[in-house]
Each structure stands twice: as C-alpha cells, then as structure tokens.
Amino acid sequence: MQPSVGERRPQSFERVLSSMCTEPHPAASRAAERFIASNPGDPGTYDAVADLETEAVAALGELAGLPEAHGYVTSGGTEANVQAVHAARNLGNAGNSNLVAPESAHFSFSKAAELLGMELRTVPTDGDHRADVDAVAAAVDDDTALVVGVAGSTEYGRVDPIPELAAVAEDAGTRFHVDAAWGGFYLPFTDHEWDFADAAVDTLTVDPHKVGRAVVPAGGLLARDAATLDALAVETPYLETPSQASLTGTRSGAGVASAAAALAELWPAGYRAEYERAADLAAWFAGELSERGYRAVDPELPLVAVDLPDPLFDELREVGWRITRTGAGEARVVVMPHVSRERLEVFLGTLDRLAGTVGV
Ligand SMILES: *Cc1c(COP(=O)(O)O)cnc(C)c1O
C-alpha cells in the first residue's frame, strides 16, 4: 500500500542539479500560504492580491528596464511565451503566419505555434550556441509576426545578441520578444544588453518561480505597450472586471503573492548577491571539470554544460544525482540558489569515485 499523502516527502534539492526550480525564499513561502485561496484572475473581488500583482509587475518592469511595464504574473514561462506570440499574431495583419526563433529557443514556442496555427521557423545557432543574426534575418519575411531572442538559454545559458535581433525585427516591421524566463534575474547585474532599455523589445518573459525564488507557479509576461494586453483581452461577463488578458482563468494567488514578496525582499541587492555567488561557483565548477579532462562549455550565466562519458552519466543518475542532458548530449548543471559549493564538492567526489569504477 502507498503511504498516505501526509507521509510522502517532496524531492529534496540536495542532488537536484539540472532543474530550474529551487527552494523558495521564506518570505515567498509565507506570502503564498496567506494568499493561497485568493484569485488574481478576478481582481474586482480579490483586490488585495490584485494589488500585489500590480506591485510584482512594477518590480519586474524595473528589473527589465521598463518601470512602467504592462503585464501580468503568468503560470510560467510557457504561458508568457504563448501569450507573446498570441499578441503578435493578433496585432499584425492577416499575413502574420510565422515566427522566427533560434534553435536554442525553449520548446514552449513549439506549443505556441501549434496552438495558434502558425509556423515556427527555427534558425541554427552560431558555434557558441547564440542566435545567428544573419540567419534570423534571412528567415524573416512579409508574413513574420514575431522574432524571438533568448536571454539565458535553457540548455547553455547563452544570451543572444538582443539589440541586433531587435534591429532585424524593426527593419522587417515585425514585433520582437525576449525570453529571459531563467536569465532575467541575473542579467541586470551583468553588462549584457538584453532588456527594454537596451533595445526595441515589445514583450519579455521573466519568471519569478525560477531564479526569482517565488513559489511555483509564478511566471511573468511584460509588455512595452498597453495595446499588447488589449490584443489578448476577452470580455468577462460574470466577473467584476470587464476583461481578462491571461490565458488561464482562475490563477494562483499563492504564486502572485509570493512573487511580490520575493521581489520586495530581494530586488535588487539580494538578487545581485545571488548572481555573484552563482557566477563564481559556476566558474569554479567549470574549472574543476576541465582540470579533470571533461570538456565544459564556458559558463556565460551560471549554467555549466559538460561532456561526460555515457556510462559515467548513467552511474551518477543511478546513485541519485538529478541531472539531465542537452539535446546534443552534454550534462547540464544549473547553479540555482540551492546549489552550494558543498553540494558540488560532494558531486565531484562522487564523479571521481565513479570515473574510477566505470573506467573512463
Ligand atoms: C524554463 C524556461 C521556459 C519555460 O518556463 P516554464 O515556467 O517551465 O513554463 C521558457 N523559456 C526559457 C528560456 C526557460 O528557461
């Protein structure tokens, strides 16, 4: 017989190295618990959580170079990306039938294209896993609704040349979206050009439930203009408010309140400290792997992709390390807030021991 739900234990983060989820900030967890039954999808009735959402969007806007941003707290990066594509399709002319993205773009764009009946044109990346601007320009045509740039790719943590991609979109008269779902909480503390202040960005995804340390679910869609949200809005006859731009109806009050709480607590000093910690740790870890003879992709953001022999990767999983691979086969270690130096030292110790046993 299965143990009761109360006896089950959630996955411990101790050996979780490839996930973009992490331990929420304690202030986020407390806020989540208090607002667990509030519905931000009905702001007329649940006005306290609606106020928190307004504050969260303002803080995310500040982080992304647009203090007056429009937007909302989504169920995650997927919904934010889907809605960015959705708005682009609705705002253009009838020919808006394709979107152009680098092959490093998250699979949520495949969902968006499929749902919206559009063609997703993926363009090969350059030798260092970033969007190839000329190839993107060549793929854009009169029917392109949206160009996508990735600021912190899921597999390699790479940041595309955002201003150059924005210029391609502008020349073609299409909209431009930046997916910073994971990277957005690091990039304000780097010298990358990635946000609304750096380029003609129309919409941007940034997820509080990843590096932002909110509870799941809390993603973020930001837009430069109110027209973007208007293009998504439908009338809502039975609610106290007349229209709704979110894809989902009832939404998580816990997610919204926790995002507001985490941002209030951590933006900007707490996030800066975490970026510096994680960047140093990723550089150290990549160095340790290289010294052992494993080819590690130079970490641009705190994510290390490394070639490990198959038997070694399998053994590491076998003894409980939660690691995944990129499409090309490298193991990915995402240096999330729960990933400490001590845990990576234990991992390296295990790696050394197993490398001896499997004879690689
Ligand atoms: C994680 C991620 C997403 C998807 O976000 P979910 O919250 O899992 O829906 C989209 N884009 C990028 C770049 C991501 O890293």
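Buried residues have under 20% relative accessible area, exposed residues over 50%, and partly exposed residues lie in between. The model treated here is predicted.

**Exercise 1. Classify D352 by its relative accessibility, and describe its salt bridge with R292.**

Step 1. The relative accessibility of D352 is 38%, so D352 counts as partly exposed.

Step 2. D352 and R292 form a salt bridge through their side chains, at 2.8 Å from N to O. This pair connects distant parts of the chain, 60 residues apart: D352 belongs to helix α11 (residues 341-358), while R292 lies in the loop between α9 (269-291) and β10 (296-297).

Step 3. R292 also meets the side chain of E288 in a salt bridge, with an N to O distance of 2.9 Å. R292 is partly exposed at 31%, whereas E288 is buried at 18%.

**Exercise 2. Determine which parts of the chain are tied together by the pair R121 and D141.**

Step 1. The closest N and O atoms of R121 and D141 are 2.9 Å apart, and the two residues form a salt bridge.

Step 2. R121 is located in strand β3 (residues 119-123) and D141 in the loop between α5 (133-139) and β4 (144-150); the pair therefore ties together parts that are 20 residues apart in sequence.

Step 3. Both ends can be classified by accessibility: R121 is partly exposed at 21%, and D141 is partly exposed at 29%.

Step 4. For the model, the salt bridge count comes to 14. A network of salt bridges links D128, R130, R158 and E300.

**Exercise 3. Describe the shell around the ligand and the polar side-chain atoms that approach the ligand's oxygen atoms.**

Step 1. The ligand is surrounded by 14 residues, of which G77, T78, D179, H209 and K210 are the closest.

Step 2. By class, the shell divides into 3 nonpolar, 8 polar and 3 charged residues. Helix α3 (residues 77-91) gives the most to this shell, namely 3 residues.

Step 3. H209 places a polar side-chain atom 2.8 Å from a ligand oxygen atom. For T154, the distance from a side-chain N or O atom to an oxygen atom of the ligand is 3.1 Å; for D207, the corresponding distance is 3.2 Å.

Step 4. The ligand exposes 380 Å² when taken alone, and the protein buries 86% of that area.

Definitions and conventions:
Residues are numbered from 1 along each chain as its sequence is written. This is a predicted model: local features need pLDDT of at least 70, side-chain atom pairs count only at pLDDT 80 or more; totals for chains, interfaces and linings use all residues. Side-chain values use heavy atoms; hydrogens and water are left out. A salt bridge is a side-chain nitrogen of Lys or Arg within 4 Å of a carboxyl oxygen of Asp or Glu. Helices (H or I, at least four residues) and strands (E, at least two) are DSSP runs, numbered from the N terminus. Buried means under 20% relative accessible area, exposed over 50%, partly exposed in between (1.4 Å probe, protein chains only). A residue is near a molecule or strand if one of its heavy atoms lies within 4 Å of it. A polar contact is a pair of N or O atoms within 3.5 Å; within protein, one must be able to donate a hydrogen and the other to accept it, and residues adjacent in sequence count only if both atoms are side-chain atoms. Accessible areas come from the Shrake-Rupley method with a 1.4 Å probe; for residues, only the protein chains shown count as cover. Ala, Val, Leu, Ile, Met, Phe, Trp, Tyr, Cys and Pro count as nonpolar, Asp, Glu, Lys and Arg as charged, and the others, Gly among them, as polar.
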